[in-house]
Amino acid sequence: MTPRPPRFFLHFLRWYCREDYLEEMEGDLVELFEKRAGQNLSKARRQFGWDVVRGFRPRNLGFKLSLSNLTFMLRNHLTIALRVFRRDLSLTSINVAGLALSFAITLLILQYARFEFSYESTHPQASQIMRLTMDYLDGNTVVTQDCETYPPLGPTMKASLPEVEDFTRAYSLDRLLIKVGEETFYEDKGYAADPAFFDFFHYPLIEGSIAGAFLKPHEVILNESTARRFFGRTDIVGEVVQILHSEGELGLKVVGVMPDCPPNTHLPFNMLVSYPTMTASFGEKDENWNGNNTFTYIMLRPGTQEEAFQVQLEEFNKKLVAEEKIENERVIAQAMEDIHLYSHKTFEAEPNGDANSLFFLLLVALLVIVSAYVNYVNLATSRSVERAKEVGIRKVIGSTRSQLIGQFLFESFLVNVLAAIMAVGLIWLGREVFLELTDLGADFAILSDQVFWLMLVGFVLLGVFLSGLYPALVLSGFAPALVLKGKFSRSGKGLWLRKSLVIFQFAVTLILLTQSFIVYQQLNYMREKELGVNIDRTVVINGPALDSLQKRFVPFKQSLIQQPQIEGVAISGTVPGLPVSDMNTTTGIHLADELNPRNNNFYLTGIDSAYLSLMEIKLLAGENFQAGNLKGRNIIVNEEAIRQWGLQSPEEAIQKTVKFWGRKWQVVGVIQNYHHESGKSAHVPMIFYYFDEFSEYASIRISGGEVEESLALIEQTFESHFPFTPFSYFFLDQRYDEQFKADLQFQKLFNLLTGFAILIACLGLFALASFVIHQRTKEIGIRKIIGASTRHIMVLLTRDFIQTVMWAIVIGLPLTYWLAEFWLTRFPFRFELNAWVFVLPALAVVLLAILSLSVKTLKTALANPVDSLRAE
Amino acid sequence: MKAYSIGDFEELVLLTVAAQHDQAYGVSIHESLEEQLAKAVNISAIHVALKRMEEKGFVETRVGGITAQRGGRRKKFYVITALGKSVLDRKYEVRTSIYKRIPKIFFGS
C-alpha cells in the first residue's frame, strides 16, 4: 500500500490554498512525499508538513487575510498615541516613570516575599512534618513556649501514636571545638540527629551513603563547605575528626558529605553527629524527662486529619502527666512550614521572619502600585477634553465604540510596556542595594527567575485593564454630535472620581509617612533606652573548651588586671546582649513559704563576684556575692523576680529562701531590672548564682586609648595561658546593636517604600495640576487683565487641590492612629504617642502638595496674560 | 527594450525549465535543482518563482493527464516562452561578455 501523507497537513493545505494553485501544489507535494517515503517514512512526513507550512504565504492563499487592515489600524493607533505622548511629553514621562518605579518596587518586594514564603520548600515531605514544642503552663495560662523538647519524647510518641510514622531529633551542639590533624576549629552549627533525619530533610549525600549510617555512635556527616574548611576536599569518607570536650578527645568517623543547606530553611547546620553519640559520650540519657535540649520532628502518616491528631496529642499529654513524665507542661505540634514566619518561641534554631512585617510590606507595595495606576487614570481622564474632538471625528467617520476602546487600551498598553522595560532597567540598577537591604545574599536570582517575568507580564496586563479600561470607557462614550458642536464640558462625575483618587493617594501618603515616623521614633527609643547595664568598651571572650584548662583562669586574670588599660575582668554564664535563651530556664521557682505558688519561668545564670560591678548593674538591696562565703547557697535576683513572687520592696526579699534544682537557696541581693537582651524585650525574672569557672564567657572592660592595642594584648595573654584554644571574642555594644539588625533593615525598607510612594503621589498631583492649570490659561489671563494679583491667582489655583489634600488628612489620621496603636502593641517598652507624631507628617503632606503644585501655579500666575490670550 | 528583471533563483528555475523543455514541472525542477546545487531546496520557493515568472510572461503552462500517482492530481508543465528565452540569452550574453574581459590572472605559482 502506498504511504499516505499526514492528513492534518493535507487538510491544512486544502483549507488555505487558492483553487487554481491547489491541484499543482498538492500534486507536487504528494509526489515529493511519495518519492521520499521510499527512503524514510517519518522523515518524509515531517518534510511534507514543513513544505505545507512553507507554502502558507499570501500568494498561495485562497482568501484575503485582513492582516493589512489590522496593521493599518495599529499603525494609526501608534501614530496617534505617539502624537499624544509628544504633545504632553512631560506628563507622559511622569506617568511612565511612576509606573516603572512602582513596577520595580513591587516586583522586588514580591521576590522577597516569595523567598520568605518558600521556607522548607526544598524538602518534599515538608507538609507532613510537624515540630514538637513545649508549652510551660501556670494553671491554664501559657507562660513560655519553648522549641526544645525532652530526648525520649520522639521515641515515646512514635510508639504510642499510630498517626506518627517516624521521628527525628536534632540536638543542638554549639561551640564545638574540632581538631582535624593539627588544626582546630570552632563549629557552632552542629546537631546530633537520628538516622531518620535524612527522610525528613532532603539532603542527598554527595559522598558516602546514608544506608546503615547513624545507627552507631561516633559518626559524623559534614556539609560540603565545612568539609572543605576542615579538610580542603570532599572525598573524606572514612576520615576522622576529633571533638575536644570536657572528657578529652573524641574521634568521630566521617560517613558522608552532604550539600550545603539552602538559605530557605529554618534549620541550617554544618555538621550532623549520629544521635547515639549523645548517650555514648555526651552524658545524655535515653530516659531524660528533665532537661529539654533537643528539637523533635515527627512525620505524620499521609492522610492524617489535623483535628484527629490534635485530639490524640491531648490524650498523649494526659498520659505523660499521669506517668509523671511532665508536669505543668504540655507538648504541642506545629507545622514545619509555619516555623519561619509564625513561630516566635524561645530557643529557635535561627532568628525567624515575621509574617506581620511581611504582610505589611506587601500591603505597602500594593499601595505603591495602585497609586501609580491611579495616576494613570487621573491623567488619562483629565485629558478627555483634548481627546473629545478626536473621538467625535472618529465616531462620525464610522468608528465603533469597541474600536475606540481598543485604541485607548492600546495606548495604555504602550505606556505599561514602556514602564515595564524601564522597570527592568531600574531593577538591574538597584538589585545590589535591594539584596543588601533584604539580606538575601548576592546569588539570589532576580532577573534570571522565570516567575519574575511572568509577574512582570501580569502587571502589564493588570495595568492595561485596571488603569486603561476606565479612561477608555469614559473617552469612548462621548456623544459625537455634542462634542463636535463644542458643547462639551467636564462631567461632574469624572471630577468627583478624580478627587477621590487624589484623596486616596494622599491619605495613603499620610499613613505611610506617619507610620515610618513612628517606626523611627520607636526604634530610636528602644536603642537609646537606658539599659541599666554598661556595655561600652567591653570585650567578651569565649572560655576554653577543655575543662582541664579552666583552672588557669586565675593567673590569666591576674596578668590582665596588672595592665593599665584593663579595668576589670569578670566571669559569667552568659552576657547581656545575648538572647535570654542562652541562660538556663527553670519553671515554678517560688518562695519557700509561698501558699499558692505560680508556675512562672525563671532565667538563671552564674556570675562571679566581679560581674555586677564590671557591668555596673545596680544593687537595690542586700549585697554582692562574697567570694568564699556560703557562695554555693546564695542567689541574687532582679526586681522582676521579686515582683513575680509578690514582694513589695527589694529589702523584703533579702534572706528569703527559695527552692530549686533540689536544694535551698537564700536571696542575698536584689538588682535593678536591666535590659538583658535589648530595649525590645520585656524584663524577665532572673536569678544569679555564684559561678567562677571560665567555661562560657569572660567580660573584659578596657579603659580608653587604643582598642586595637588592648585587644592584641588580651589575645596575647589568652594564648599564652590557654594553648590550643582558638581566640574568639566580640564587643558587647556591637552584640547589642546586632539585635536591631532586622528592625533597622525593616525600617530602611519601609522608609524606602514610603519615599517612593510619596514621590509617586506627588508626581501624580503635579501632573494633574499642570494639566488642569493648562486648561485654565485663558481664564487666568483674563483675570490678570481685570486686575487679579499673582498671590490671588496662586491661591485660586492651589485652593482646590489643598482642599482635596485636607480631606485626605481628615480621612487618613484616624486610620493611621489606629495602625500605630496596633503596631506598637507588640513592644513591651513603647514611646509615648504624642500629637506631634501626627501633626508633623500632616504638615509635611500639605507642604509636599503645595510644593508639587507651586512649580506650575507660580509659572502660570507670573505669565504675561498677552501670551495666553494672543493666540486663538 | 524594457529591462525585464529576473532574480537569481528565478533564473536558475527558468534555466531548468528550458533545459527540461516541455517536460518541466514542480517536482522535476526540484529534483534537478537539488542535484545541481547540491543543497536542499524548498518546493514552495520553486512554486513561487514559477508563478512570478508566469505573471512576467517568461513561462507558459499546460496541464498533463491524470495518473494514479500524486493523489490523482494532474501535473502542471511549464514551457519557456520566446520572451523567457530572450531574457536568458541576454543574461548569458552580459555575463560572458564581462567574463571574457577578465585578463589572465595568476595567483602565485
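Ground rules. Residues count from 1 along each chain as its sequence is written, chains are lettered from A and ligands numbered from 1 in the order in which they are written. As this is a predicted model, local features need pLDDT of at least 70, side-chain atom pairs count only at pLDDT 80 or more, and totals for chains, interfaces and linings use all residues. Helices (H or I, at least four residues) and strands (E, at least two) are DSSP runs, numbered from the N terminus.

Start with helix 5 of chain A, residues 89–117. Its axis and that of helix 12 of chain A, residues 355–382, come within 9 Å and cross at roughly 160°. Axes are lines fitted to C-alpha atoms, for helices over the stretch in contact, and angles run from 0 to 180 degrees between N-to-C directions. So helix 5 of chain A is roughly antiparallel to helix 12 of chain A. The classes: under 35 degrees is roughly parallel, over 145 roughly antiparallel, 65 to 115 roughly perpendicular, and the rest oblique. The crossing of helix 5 of chain A with helix 12 of chain A is left-handed. That label applies if the near helix is turned anticlockwise from the far one by less than a right angle; clockwise gives right-handed. Contact residues include Gly98(A), Ser102(A) and Ile109(A) of helix 5 of chain A, and Ala365(A), Ile369(A) and Ala372(A) of helix 12 of chain A. Contact requires C-beta atoms, placed from the backbone, within 7 Å. By class, this contact of helix 5 of chain A with helix 12 of chain A has 15 nonpolar, six polar and one charged residues. Ala, Val, Leu, Ile, Met, Phe, Trp, Tyr, Cys and Pro count as nonpolar; Asp, Glu, Lys and Arg as charged; the others, Gly among them, as polar.

Next partner: helix 14 of chain A, residues 401–438. Helix 5 of chain A packs on helix 14 of chain A at about 45°, axes 7 Å apart. The two are therefore oblique to each other. This crossing is right-handed. Among the residues that meet are Leu99(A) and Phe103(A) from helix 5 of chain A, with Ala419(A) and Met422(A) from helix 14 of chain A. The count is 18 nonpolar, four polar and no charged.

Now strand 11 of chain A, residues 271–274. Met271(A) and Val273(A) point one way, Leu272(A) and Ser274(A) the other, and all are buried. Buried means 20 or more other C-beta atoms within 10 Å of a residue's own, exposed 12 or fewer, partly exposed in between, with C-beta atoms placed from the backbone. Who are the bridge partners in strand 11 of chain A? Val273(A) bridges to Ala192(A), and Leu272(A) to Ile221(A). Strand 6 of chain A pairs with strand 11 of chain A in the parallel sense over four bridges. Strand 8 of chain A pairs with strand 11 of chain A in the antiparallel sense over three bridges. Pairing takes at least two DSSP bridges.

On to the two chains. 15 residues of chain A contact 16 residues of chain B. Helix 2 of chain A gives the largest share of the chain A side, eleven residues. That side divides into four nonpolar, two polar and nine charged.

Last, Ser649(A). It sits in the loop between helix 20 and helix 21 of chain A. Ser649(A) is exposed, because 11 other C-beta atoms lie within 10 Å.

Methods
Two residues are in contact if their C-beta atoms, placed from the backbone, lie within 7 Å.
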